[in-house]
Amino acid sequence: MTDMFCRQCEQTAAGKACTTRGVCGKSAETANLQDELTGSLIMAAVKGADLPDRLLFEALYATLTNVNFDDSSLRSMISEVANCGGTAGWAADSVLRGDGDAESLKTTLLLGLRGVAAYGCHCLGLGEDVSAIAAFIRKALAAIGEKGGALGDLFPLLLECGQTNLAVMKLLDEAHTAKFGVPGPVSVSGTIDAGPFIVASGHDLGDLALLLEQSKGTGVSVYTHGEMLPARAYPELKKHSHLKGHFGTAWPEQQREMANAPGAFLFTSNCLMPPKDAYGDRVFTTGAVRFPKTVHIGPEKDFSPVIRKALDLGGFGESQPGGDFLTGFGHAAVLSAADKVVEGVKSGAIRRIFLVGGCDGARAGRSYFTDLVRLIPGDCLILTLACGKFRFNRLDLGKIGELPRLLDLGQCNDAYSAVKIAGALAGIFECGLNDLPLSLVISWYEQKAVAILLTLLSLGVKNILLGPTLPAFVSPGVLNSLVAQYSIRATTTPEEDLKMMLGQK
Ligand code: SF4
Ligand code: SF3
């Protein structure tokens with residue numbers, strides 16, 4: 001018996017499982033509470049208990065990597081689920097630790113649901129109706145809770161999870177556009193000005209909008225971090241002159257970069273690394289994110305403690321120069337240039353389109369994605385999204401005609417834009433998605449990427465390259481079936497993979 005067992009993310013210990021303490025910093029106690037919470041949600045679903053949508057989404061999101069490290073909040077969610085009829089009794093070990101194909105499919109489904117729930121939480125925050133998404137989550141949790149489970153019944157649920165994730169990403173895209181306008185290309189400065197500042201991290205544009213309203217006229221500047229970068233592409237967020245630019249680089253660098261910056265940090269979603277003492281007192285969390293020693297801003301979203309902290313700290317004495325980031329190529333922007341892309345493909349000026357996107361992580365093997373992007377020939381377009389792009393989004397990759405070669409579609413949930421763009425191009429060329437001159441190279445780390453991968457599979461997308469390593473929770477039998485049905489494969493070397501992709505029709 002081990003202290004804990006978690007293999008839900010790409011950095012799991014020795015590529016197998018974290019068994020004493022998480023590589024992410026999660027303790028065994030926290031991991032076991034997260035399993036208990038998962039079990040009580042599953043039992044609630046099996047019994048058809050009346051669990052409110054908000055609790056369902058928030059509890060699932062609390063178990064995603066780099067979100068909740070706070071045992072007391074996990075305990076109170078377990079009690080809340082119990083009060084609604086969620087009991088103990090699910091044998092988490094038999095599924096999450098199992099090596100069989102049914103356990104692997106159930107685990108993949110559960111992790112996909114965690115990703116869906118994360119996006120569902122952002123939709124809820126923006127006032128969207130998520131009841132259809134919640135209905136599928138309840139059905140899928142009940143299927144996970146049933147004893148055994150035929151492979152033939154579980155696989156269709158994985159694809160349905162992919163379709164549900166597409167639906168929730170679409171809902172989020174529409175909510176963002178309705179509230180904050182249509183995103184457009186924008187160059188975001190990486191310079192941090194002198195004076196007090198707040199850095200807003202994570203995916204929640206609704207939280208950022210509230211922070212901008214509350215900090216207006218206080219003399220505090222606001223910068224985005226990580227997945228919040230595309231915020232400045234939205235007219236209703238960009239209009240705030242104190243939303244100045246973007247702080248730092250990739251999320252795995254946060255402990256080093258935040259320790260050296262005299263500002264206040266607000267985490268609205270993953271990825272939070274356990275804050276070091278050097279800067280822990282200036283970290284604030286909100287929404288699903290929690291850390292025991294940091295101040296949590298509750299659902300009333302009063303960000304005045306964050307603003308006060310920034311004013312007390314005073315910020316840098318002098319401006320800290322940094323390079324620029326180009327972002328904001330959502331589906332509306334890219335499709336408005338569709339004629340140029342189509343013309344380029346027809347004339348041969350654009351040989352191929354690559355989607356190199358997904359999560360970032362701390363392992364050295366992730367230089368694969370930078371190396372690949374550097375090697376992709378100058379007559380190919382590169383679409384990107386999510387936080388893995390920080391490994392190459394400041395490279396000068398030039399243009400094809402008037403189009404920048406690297407187009408940043410936005411956050412991981414903007415995988416919806418990628419699907420929409422690919423669908424529109426397939427319509428124009430009158431072909432299937434797999435017949436487009438398009439190659440997908442996906443970097444995964446946490447469970448939103450699992451949900452997005454299931455979306456791509458549910459659309460019948462083949463030949464996806466997945467890296468930097470394959471998930472530990474996928475059994476050999478499930479892997480064989482994915483390879484047979486979808487020709488999915490693991491990344492090898494940038495050179496070999498590029499040769500193979502350029503050789504595809
Ligand atoms: Fe390990 Fe990842 Fe689980 Fe953290 S989330 S305990 S790093 S597998
Ligand atoms: Fe990144 Fe955490 Fe996955 Fe939104 S912020 S993609 S890793």
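**Exercise 1.** In this predicted model, determine how the shell around ligand 2 divides by class, and from which domains the shell draws at least three residues each.

*Solution.* Sorted by class, the shell comprises 7 nonpolar, 2 polar and 3 charged residues. To check this, list the residues that surround ligand 2, which are His 203, Glu 227, Trp 251, Asn 270, Cys 271, Cys 359, Asp 360, Ala 386, Cys 387, Cys 412, Tyr 445 and Glu 446. Turning then to the domains, one finds that domain 2 (186–313) and domain 3 (338–501) each supply at least three residues of this shell.

**Exercise 2.** Decide whether Cys 412 is buried or exposed, and state how many disulfides the model contains.

*Solution.* Because its relative accessibility is 6%, and buried means under 20%, Cys 412 counts as buried. Cys 6, at 16%, falls under that cut-off too and therefore also counts as buried. With a disulfide taken as a pair of cysteine sulfur atoms within 2.5 Å, the count comes to 0 disulfides.

**Exercise 3.** Describe the side-chain directions in strand S6 (residues 283–286) and the pairing of S6 with strands S5 and S7.

*Solution.* Begin with the directions: Val 283 and Thr 285 point one way from S6, Phe 284 and Thr 286 point the other way, and all are buried. Next, S6 pairs in the parallel sense with strand S5 (residues 264–267) over 3 bridges, where Phe 267 stands opposite Thr 285. Finally, S6 pairs with strand S7 (residues 295–297), again in the parallel sense and over 3 bridges, and Ile 297 in S7 is the bridge partner of Thr 286.

Technical notes:
Residues numbered from 1 in each chain as written. Chains lettered and ligands numbered in written order. Predicted model: local features only at pLDDT ≥ 70, side-chain atom pairs only at ≥ 80, totals over all residues. Heavy atoms only, no water. Near = heavy atom within 4 Å. Nonpolar A, V, L, I, M, F, W, Y, C, P; charged D, E, K, R; others polar. Domains from an automatic or database assignment. Buried < 20%, exposed > 50% of the residue type's maximum accessible area, 1.4 Å probe, protein only. Helix = DSSP H or I, 4+ residues; strand = E, 2+ residues; numbered from the N terminus. Pairing = 2+ DSSP bridges.
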